[in-house]
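Please look over the sequence and the 3D structure shown here before reading on. The report is meant to be read slowly, with the picture kept in view.

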Amino acid sequence: MGHSDKEWKRLGDGSLITEDAQVGLGHIVPVKLYNLVFTALLMLTIVTVWVAQYDIGGGHGAMNLAVAMLIATIKAALVTLYFMHLNWESKITWGIVIYPLFIFALIVAGTLGDFSVKERITPSFGHAATEAMEKVATGAYKRNIQREQGTLPDESHHGGEHH
Amino acid sequence: MGHHESLPLGHTHFAEPEQVYHSAKFGMWVFLATEVHLFGALFCTFAVYRWRYFEDFQQFALSLNWRLGGLNTIVLLTSSYFMVRAVDAAQKGLNKKVNSFCNLTLLCALTFLVVKFFEYRAKLILHEPPIFPHSHIFYGLYFTMTGIHGLHVLLGMGAIWWLKMRAKREEFSVTYYTPVEVVGLYWHLVDVVWIYLFPLLYLLGGLA
């Protein structure tokens, strides 16, 4: 946690302190490190945009997705570790960071796994429901356009319309 | 340091200023965990529909303006940098610097929302989005995810404004800067969410 190497800091009021003298209130990070992290974040943003123009294979853009998520995760890690000071936080804080990520991975893996298995057993699974939803949504969209244009045939059958 | 007597502990039930600081910070981390659940559910929904309607989603990604999305990514990263500099200034008891860095953060946040406004206007008012099968799913997710994210930016701006006011009153010191650090944590999470939203929504279909 960096308490062993005593580094003297000059404060706004001109006084000098060590990290120990800070009575445990957070870790002062050199501004240079923030500059470095910020530069890395900007570079990684450029890289992720640059990679996006190529289809780097894997079928169904799998590699593009993997690379985009890898870069995003590196960026997120940089922000969390250095800007959010997680690097200097206690184990219990690390726990509270890792547990929702674990739950998230579980939910995504479970949901996608469930979908892919059911799709294989009964290919039409879910389609009936989404097609029905689409019919409703497309119908509503068409009616809105017609209403805007004043060419709505006859609304009396739908009931409950208001202006 | 002898700063303890100036600490605005008030009538809290905490024994030590250290404990106040660590409890507040830990509380924010717990809140951020719930935020991960909130956005996680949305990201999961996005994953399911992208997996199911892959070709359509590629098309829709192309219909979004990656230049504006990229600009907003850089703007938000810059805001995070200014925020962390505000925290750094607060740790050193430099209230004037806290105020200036809060101003810069607010400026970035405002820029983000203005750019977002033009993007929304293009999609909602100018009728730019292509209407294809499943487009309501993509745009439903796009507006829900970026909308909830934008709401977080707006709330964050309120919190940073509050910090700025307190810094103006010289309320922060070496031994008391908890609000700056805690708001900073929240602001960085908003940045992290956007770090994932940008490639997922704007880049996966290639560059238009």
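The sections below go from one chain as a whole to single residues and their partners.

## How to read the model

This is a predicted model, in which local features need pLDDT of at least 70 and side-chain atom pairs count only at pLDDT 80 or more, while totals for chains, interfaces and linings use all residues. Residues are numbered from 1 along each chain as its sequence is written, chains are lettered from A and ligands numbered from 1 in the order in which they are written, and side-chain values use heavy atoms, with hydrogens and water left out.

## Chain A as a whole

Chain A contains four helices and two strands, where helices (H or I, at least four residues) and strands (E, at least two) are DSSP runs numbered from the N terminus. Read along the sequence, these elements follow the pattern β-β-α-α-α-α.

Of the 163 residues in chain A, 28% are buried; buried means under 20% relative accessible area, exposed means over 50%, and partly exposed lies in between, with a 1.4 Å probe and protein chains only. The accessible surface of chain A comes to about 10,200 Å², and carbon and sulfur atoms account for 66% of that area, as computed by the Shrake-Rupley method with a 1.4 Å probe, where for residues only the protein chains shown count as cover.

## Helix 2 of chain B

Helix 2 of chain B spans residues 54-63, and its buried residues are B:F54, B:F57, B:Q58, B:F60, B:A61 and B:S63. These buried residues pack against helix 1 (17-52), helix 4 (95-124), helix 5 (135-168) and helix 6 (178-203) of chain B, with contact meaning heavy atoms within 4.5 Å.

## Where the two chains meet

Which residues does B:E181 contact, leaving aside its neighbours within four places in sequence? They are A:H85, B:Y21, B:K25, B:V87 and B:Q91. B:E181 is found in helix 6 of chain B, and its side chain is joined to that of A:H85 by a polar contact of 3.1 Å (a pair of N or O atoms within 3.5 Å; within protein, one must be able to donate a hydrogen and the other to accept it, and residues adjacent in sequence count only if both atoms are side-chain atoms). A:H85 lies in the loop between helix 2 (62-83) and helix 3 (91-121) of chain A, and A:H85 counts as buried because its relative accessibility is 3%.

Although B:E181 is buried, this residue has no salt bridge, and the nearest side chain of opposite charge, B:K25, is 4.0 Å away. Here Lys and Arg count as positive and Asp and Glu as negative, while His and the chain ends are not counted.

## Salt bridges

The structure holds five salt bridges over all chains, each being a side-chain nitrogen of Lys or Arg within 4 Å of a carboxyl oxygen of Asp or Glu. In one of them, A:E89 pairs with B:K25, the closest N and O atoms being 2.8 Å apart. This pair crosses between chains, from the loop between helix 2 and helix 3 of chain A to helix 1 of chain B. B:K25 counts as buried because its relative accessibility is 5%.

Within chain B, the side chains of B:D88 and B:K92 meet in a salt bridge (3.0 Å, N to O), and both residues are buried. Another salt bridge links B:R166 and B:E171 (2.7 Å, N to O), and salt bridges that share partners join B:R166, B:R169 and B:E171 into one network.
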